[in-house]
Amino acid sequence: MTTITYKVTGPLGLHARPAAFLAQACVNLASQITVKYDGRTASGSNVLELLNLRAVQGAELEITAEGGDERAALEEISRVLKEKLWDRNRTRLLRIAFFGTHDYDRLFFSELAKDRGEGTYNCDIKYFSCRLTPETANLAKGYDAVCVFVNDELPREAVETLKDCGVRLILLRCAGFNNVDLQAAKECGIKVARVPAYSPYAVAEHAMSLIMTANRRLHKAVNKVRDNNFALSGLLGLDLHNKVAGIVGTGKIGQCMARICKGFGMSVVAWDAYPNRALEAEGLLSYVELDELLERADLISLHAPLIAGPGGTWHLIDAHAIARMKDTAMLVNTARGGLIDTEALIEALKNGKFHAVALDVYEGEDANVYTDRSDEFLNNDITARLQMFPNVVLTSHQAFFTREALQAIAAETLENARRFNEGKDLGEAEVRA
């Protein structure tokens with residue numbers, strides 16, 4: 001355990017923006033970080049707890065690191081605090097229309113956006129519960145930016161309406177951007193920024209949790225026990241140990257999934273349009289052609305972006321691809337629904353293909369995502385048909401849904417807004433046609 005004392009010198013104290021940077025830095029450190037001030041204690045990786053310290057200018061923070069990289073961790077924390085507490089560029093107030101709002105969105109965005117003036121995110125957020133669609137886009141009139149999520153719809157009609165409303169920036173609080181007409185945004189002079197990475201661990205961990213649920217039939221087992229049925233019939237699973245995992249897409253999330261699979265004792269093969277040979281060099285995985293992956297893998301996990309057009313990934317898993325898989329294969333998708341031809345998947349399931357299928361995303365999900373339909377008849381044909389298979393498990397686009405991911409999404413989205421407001425380059429966050 002190593003402890004340092006850090007004196008807060010910035011006139012705004014430990015306000016939202018440096019607290020967000022500090023929390024993000026701590027999430028990526030091996031050491032566990034705690035921060036104490038005036039009798040209060042906060043986890044260094046929890047931005048809400050850090051803000052609750054209410055550390056003003058002159059406050060002396062007691063920062064403790066416990067773990068494998070204590071000295072390096074404290075040096076990194078000191079650097080982040082020094083840089084971000086003094087970053088005080090003057091900007092005008094940026095007005096943001098926030099669509100598809102839920103209580104968990106407000107929890108982080110409102111706390112991070114409440115400060116005003118130099119050194120802060122300096123934005124004003126108006127929350128709308130409705131999704132952004134061509135029919136609701138006119139609600140953005142008078143705002144500089146809109147903030148949207150994966151289930152908002154921004155075809156050309158909506159983008160052109162946003163331009164007429166005076167919107168100059170589309171903030172995606174997600175990594176995907178397939179729901180935005182990028183060419184229309186370019187023609188309208190509207191910049192598009194996304195969150196390239198928030199918590200790859202959240203998505204990869206959910207992918208493994210989901211496929212293990214389907215593999216071991218945990219969704220059925222829990223309900224059986226609740227009904228006082230302790231028989232094991234219908235619950236037979238497969239060992240993952242010594243099986244082959246096939247990772248489709250080896251970005252940050254795919255890499256995390258590969259490491260999880262290695263932890264289960266699996267060998268890992270991978271396919272990516274742009275292979276990262278460094279992953280082969282470290283012995284994490286071996287790159288193969290997609291057809292070979294489909295034929296060899298016992299577990300296939302999708303982590304590729306959704307790209308339309310020739311050579312893209314739309315329906316990458318179609319009837320032809322499914323036919324190449326083992327009949328006992330396990331398939332999990334936490335990336336984008338359009339990667340799988342759902343009709344081909346359903347037909348294969350009807351014919352006894354697959355030991356287990358786990359979907360956090362699927363074609364036709366948009367009408368259901370993040371809505372409560374528990375008092376309604378299910379009229380979504382795709383969802384209803386997928387739910388009839390005992391070896392299929394569905395969740396509602398929740399792979400990202402951890403505290404660490406939510407705070408990273410809020411911080412990165414507002415940082416994108418701040419860079420735009422200051423006229424700075426948006427870097428890798430900018431999405432271009």
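**View 1. Surface of the protein chain.** The model is predicted, so local features need pLDDT of at least 70 and side-chain atom pairs count only at pLDDT 80 or more, whereas totals for chains, interfaces and linings use all residues. Of the 433 residues, 54% are buried (under 20% relative accessible area, with a 1.4 Å probe and protein chains only).

**View 2. Fold of the protein chain.** The protein chain contains 15 helices and 16 strands (DSSP runs numbered from the N terminus: helices H or I of at least four residues, strands E of at least two). Along the principal axes, the C-alpha trace spans about 65 × 55 × 50 Å. Among contacts (heavy atoms within 4.5 Å) between residues at least 6 apart in sequence, 70% join residues at least 24 apart.

**View 3. Charged side chains.** The protein chain carries 49 positive and 57 negative side chains, and the centres of the two sets lie 4 Å apart. Lys and Arg count as positive and Asp and Glu as negative, while His and the chain ends are not counted. Each charge is placed at NZ of Lys, CZ of Arg, CG of Asp or CD of Glu.

View 4. Residues are numbered from 1 along each chain as its sequence is written, and side-chain values use heavy atoms, with hydrogens and water left out. Thr313 lies in the loop between β13 (299-302) and α12 (319-324). Thr313 counts as buried because its relative accessibility is 8%. Not counting residues up to four places away in sequence, Thr313 touches Pro305, Leu306, Ile307, Gly338 and Leu339.

Note on methods: Buried < 20%, exposed > 50% of the residue type's maximum accessible area, 1.4 Å probe, protein only.
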